[in-house]
Amino acid sequence: MILNASGCLDALTAPTVARSLDAFVTKTVTPLPREGNAPPRIAEVEHGMLNSIGLANPGIDRFLSHTLPRLGELGVQVWVSVGGFATADYADLCDRLDDRPEVAVIELNVSCPNVDDVPVSVGEIVGAARAATRKPLYTKLSPATADIAEVALAAQKAGTDGLSLVNTILGLALDGRTLRPCLSRSAGGLSGPALKPIALAAVYACYAATGLPIVGMGGITSGRDAHEFVAAGASSVALGTILFSDPGAPGRIRVERANEIGDLAVGDVDNAIGLAHAKSLAPSEGSSRTAAVSV
């Protein structure tokens, strides 16, 4: 599957692009409306982009009454990203989404680098969300942790159905003339090609540790990039920064990825999941994990 990374596409203003995906992931929704951080909030950097949007969104009430019904008319799966500032926020959001037929998956954003006071216990958040909804849950993790595989294992134990790897990591850009930070909050989340090696390492480690389905993201700009994420253990990929410069990227990458699979002669994309682990996994382990990561 090819998805968008949360916050990198407005499906209601670009429905054609959204329909070129296998699933659309919403911008993160919070309990109350948020204006986000003060501008400037985006800065281009070498090999990527910094953003400090700060979870700007209309809040869950407006989302449910106005946005979600329109998203349901797109004809693609809708994944709703949710975020909060206490464990109860996540549980309440999941409860309110639980009976909405438009929602295929809920993504728990526990890793945004651009807000303060994010709760620290991933296991606690996932457990509360799991108790509040029957929907499939994917947990989006930050690469800014000492051992992301341990965090993934905590999420797995608490009941997550899959992982989204990874969110952005903090970076800083200075104005060339003033040598002051380009963003209002100084640092912001780094995305784009510079993030790719970090994201690949996270996918590789979490796949080996958990065997969970993984949506891999971070600097994917080509079919080859997507193929590498699949080899590391991702069963799906999400496109982020590339969508700003190349809205046709989903179709192009889908074709390029098919060519990569053909050149590899593995028969089917599912057979390529986890290939980077082939020498370190026993055949029985490799086959069982591959079977476990279908989306």
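At least two residues of the lining of the largest pocket come from each of β3 (42–45), β4 (48–51), β12 (236–239) and α8 (242–245). The model described here is predicted. In this model, the volume of the largest pocket is about 680 Å³. Its lining comprises 38 residues, and those nearest the centre of the pocket are Ser6, Cys8, Asn51, Thr168 and Ser191. Sorted by class, the lining of the largest pocket holds 17 nonpolar, 18 polar and three charged residues.

The packing of helices was examined next. Two packed helices are described by the angle between their axes and by the distance between those axes. Helix α3 (residues 87–97) packs with helix α4 (residues 122–132) at an angle of about 25°, and the two axes are 8 Å apart. Because angles under 35 degrees count as roughly parallel, α3 is described as roughly parallel to α4. The crossing of these two helices, α3 and α4, is right-handed. On the α3 side, the contact is made by Thr87, Tyr90, Ala91, Cys94 and Asp95, while α4 contributes Glu124, Ile125, Ala128, Ala129 and Ala132. The contact of α3 with α4 consists, by class, of seven nonpolar, one polar and two charged residues.

Helix α4 also packs with helix α5 (residues 148–158), again with an angle of about 25° and axes 8 Å apart. This angle makes α4 roughly parallel to α5. Here too, the crossing of α4 and α5 is right-handed. From α4, the residues Val122, Gly123, Val126, Gly127 and Arg130 meet Val151, Ala154, Ala155 and Ala158 of α5. In the contact of α4 with α5, six residues are nonpolar, two are polar and one is charged.

A further pair is formed by helix α7 (residues 223–232) and helix α9 (residues 249–264), whose axes come within 7 Å and cross at roughly 60°. The helices α7 and α9 are therefore oblique to each other. The crossing in which α7 passes α9 is right-handed. In α7, the residues Gly223, Arg224, Ala226, His227 and Val230 take part, and they meet Ile253, Glu256, Arg257, Glu260, Ile261 and Leu264 in α9. The contact of α7 with α9 contains five nonpolar, two polar and four charged residues.

Attention was then given to the geometry of the backbone. Most peptide bonds are trans, and most residues other than glycine have a negative phi. Against this background, the peptide bond from Pro39 to Pro40 is cis, and its omega is near 0°. Pro40 lies in the loop between β2 (23–25) and β3. A cis peptide bond is also found between Leu165 and Val166, with an omega of about 5°. The loop that holds Val166 runs between β8 (162–165) and β9 (169–172). Leu55, although not a glycine, has a positive phi of about 60°. The position of Leu55 is in the loop between β4 and α2 (60–71).

Conventions:
Residues are numbered from 1 along each chain as its sequence is written. This is a predicted model: local features need pLDDT of at least 70, side-chain atom pairs count only at pLDDT 80 or more; totals for chains, interfaces and linings use all residues. Side-chain values use heavy atoms; hydrogens and water are left out. Axes are lines fitted to C-alpha atoms, for helices over the stretch in contact, and angles run from 0 to 180 degrees between N-to-C directions. Helices (H or I, at least four residues) and strands (E, at least two) are DSSP runs, numbered from the N terminus. Angles under 35 degrees count as roughly parallel, over 145 as roughly antiparallel, 65 to 115 as roughly perpendicular and the rest as oblique. A crossing is left-handed if the near helix is turned anticlockwise from the far one by less than a right angle, and right-handed if clockwise. Contact means heavy atoms within 4.5 Å. Ala, Val, Leu, Ile, Met, Phe, Trp, Tyr, Cys and Pro count as nonpolar, Asp, Glu, Lys and Arg as charged, and the others, Gly among them, as polar. On a 1 Å grid over the protein atoms alone, a cavity is a set of points where a 1.4 Å probe fits but cannot get out, and a pocket is an open set with protein on both sides within 12 Å along at least five of seven lines; lining residues have an atom within 4 Å of a point. Grid points are joined across faces, edges and corners, and a volume is the space filled by probe spheres set on the points.
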